[in-house]
Amino acid sequence: MNRVALLGSTGSIGTQTLEVARHLREQVKVVALTSGRNAQLLSLQLNEFQPRLYHSLVPEEVASGQSILRTPEEIVADHQIDTVIVATAGSAGLKPTLTALAHGKTVALANKEVMVMAGSMVMESARCTGATVVPIDSEHNAIWQCLRGEERDSVQRILLTASGGPFWTYSEEQLKAVTAREALAHPVWPMGPKVTIDSATLINKGLEIIEAHWLFDMPYKQIQVLLHPQCLVHSMVEFVDGSVKAQISSPDMTLPIQYALTYPDRVRGPRRPFAWDTLYTLTFAEVDTNRFPGLRIACEAGYAGKTYPAALCGADDAAVRLFLHGAIEFPQVARLVEHTIAAHSPCDATTLEAVLGAEAWARDYVLTNHTKIRTT
Ligand SMILES: NC(=O)c1ccc[n+]([C@@H]2O[C@H](COP(=O)([O-])OP(=O)(O)OC[C@H]3O[C@@H](n4cnc5c(N)ncnc54)[C@H](OP(=O)(O)O)[C@@H]3O)[C@@H](O)[C@H]2O)c1
């Protein structure tokens, strides 16, 4: 039995993880659930799964039944937990991830900002205790599947696929007129608001490059992005002999979530598998970073290292919030992030304080300066 703590149970990945847990009742036991402010949904989940532990940012609003309130750090360190699924958004998952790894737990990671902000610390922490980090992000889960059974030295390149988001064909003028409502309608599957906007600006793909760099210990020059609007090839690995392995499946997050919980075993999933009786055309193209500078800006923060990626996360989080509240236009998200990174004074990303400090600084910088930056 895999005894799991699910952080971020009320979000898009969290609720799909519980769908997988329902389906895998014989293999997975939910021991703890944590959420942010959605007390109503957490109360329903606690009632259904009866976990021993829970956490909420608004515990007074939660109908917790027999479940005991604990901090996320206490929960992930609990000796009865084998796997911690980090499905929070933004920086919320960073501290619990490091604590879980320090206690030797397997961490199944969806919360990509954790790896972007502190990839070196996360992987070092895992190395120290022999803990494993398993990727849930569909591209990284695909790469992880392609790499299984292969020698590290035989890898030539990682090919990350990108849907291009809903505005891929838009002109610069059209992009200025994009509303939050339009941007929140992800073309392939419903996701949380932050990652949906990041997918539309392509900043998400830059975050994924940084995530892949740390997860697979791969130099940036060996990671390439390919536009693949059908979202069926979730990513590929090219080997030195020219062979390419691709992971293909329906665009459905329950598959990577389930595989992260059952590997190396494969079991039937809760939803319909890929339908080969339909004919598909698979296309791949280069990404145009002139109209979508978000990818370039995020990559540059990754190459620069130090606390630049943490500043990238803080700036992006604040800029996305401003866009969702109608305070800035869609193209301003990437522009604000770029300005903030240029203004950042970095330090080594070797402590939690440095990383969280840079993230908080960048968030404040965007909120304080966004009107000025918009007019320059
Ligand atoms: N959705 C996808 O298909 C997808 C795919 C690949 C990777 N990811 C990555 O997975 C992560 C989660 O994405 P999502 O789409 O599931 O996001 P989401 O729907 O916004 O869910 C975020 C979860 O985190 C909780 N949370 C937010 N802030 C918190 C805080 N300060 N403290 C504690 N809990 C907090 C939320 O709680 P409340 O709602 O209760 O406030 C919610 O349970 C992101 O990093 C995203 O990039 C998502």
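Contact, in this talk, means heavy atoms within 4.5 Å. Take Phe323 as an example. Leaving aside neighbours within four places in sequence, Phe323 is in contact with Val178, Thr179, Ala180, Ala183, Ile197, Ile328, Glu329, Phe330 and Val333.

Some ground rules. This is a predicted model, where local features need pLDDT of at least 70, side-chain atom pairs count only at pLDDT 80 or more, and totals for chains, interfaces and linings use all residues. Residues are numbered from 1 along each chain as its sequence is written, and side-chain values use heavy atoms, with hydrogens and water left out.

Back to Phe323. It is among the residues with the most contacts inside the largest nonpolar core, along with Val122, Val133 and Leu312. That core has 118 residues. A nonpolar core is a set of buried Ala, Val, Leu, Ile, Met, Phe, Trp, Tyr and Cys residues joined through side-chain atoms within 4.5 Å. Buried means under 20% relative accessible area (1.4 Å probe, protein chains only). Helix H13, residues 308-324, gives the largest share of this core, 11 residues. Helices here are DSSP runs of H or I with at least four residues, strands are runs of E with at least two, and both are numbered from the N terminus.

Now the ligand. How many residues surround the ligand? The count is 26, and the closest are Thr10, Arg37, Glu113, Asp137 and Gly192. To be counted, a residue needs a heavy atom within 4 Å.

Next, polar contacts: pairs of N or O atoms within 3.5 Å. A backbone N or O atom of Ser12 is 2.9 Å from a ligand oxygen. For a polar backbone atom of Gly11, the distance to a ligand oxygen is 3.1 Å. The side chain of Asn111 has an N or O atom 3.3 Å from an oxygen of the ligand. Helices H1 (12-23), H5 (112-129) and H9 (193-201) each give two or more residues to the shell.

Last stop, Lys105. Its place is the loop between helix H4 (94-102) and strand E6 (106-109). Is Lys105 buried or exposed? Lys105 counts as buried because its relative accessible area is 7%. A polar atom of its side chain lies 2.9 Å from the backbone oxygen of Ile81. Beyond four places in sequence, Lys105 touches residues including Val76, Asp78, Ile81, Ala100 and Thr132.

Compare Val62, in the loop between strands E3 (53-55) and E4 (68-69). Val62 is buried too, because its relative accessibility is 11%.

Methods
A polar contact is a pair of N or O atoms within 3.5 Å; within protein, one must be able to donate a hydrogen and the other to accept it, and residues adjacent in sequence count only if both atoms are side-chain atoms. Buried means under 20% relative accessible area, exposed over 50%, partly exposed in between (1.4 Å probe, protein chains only).
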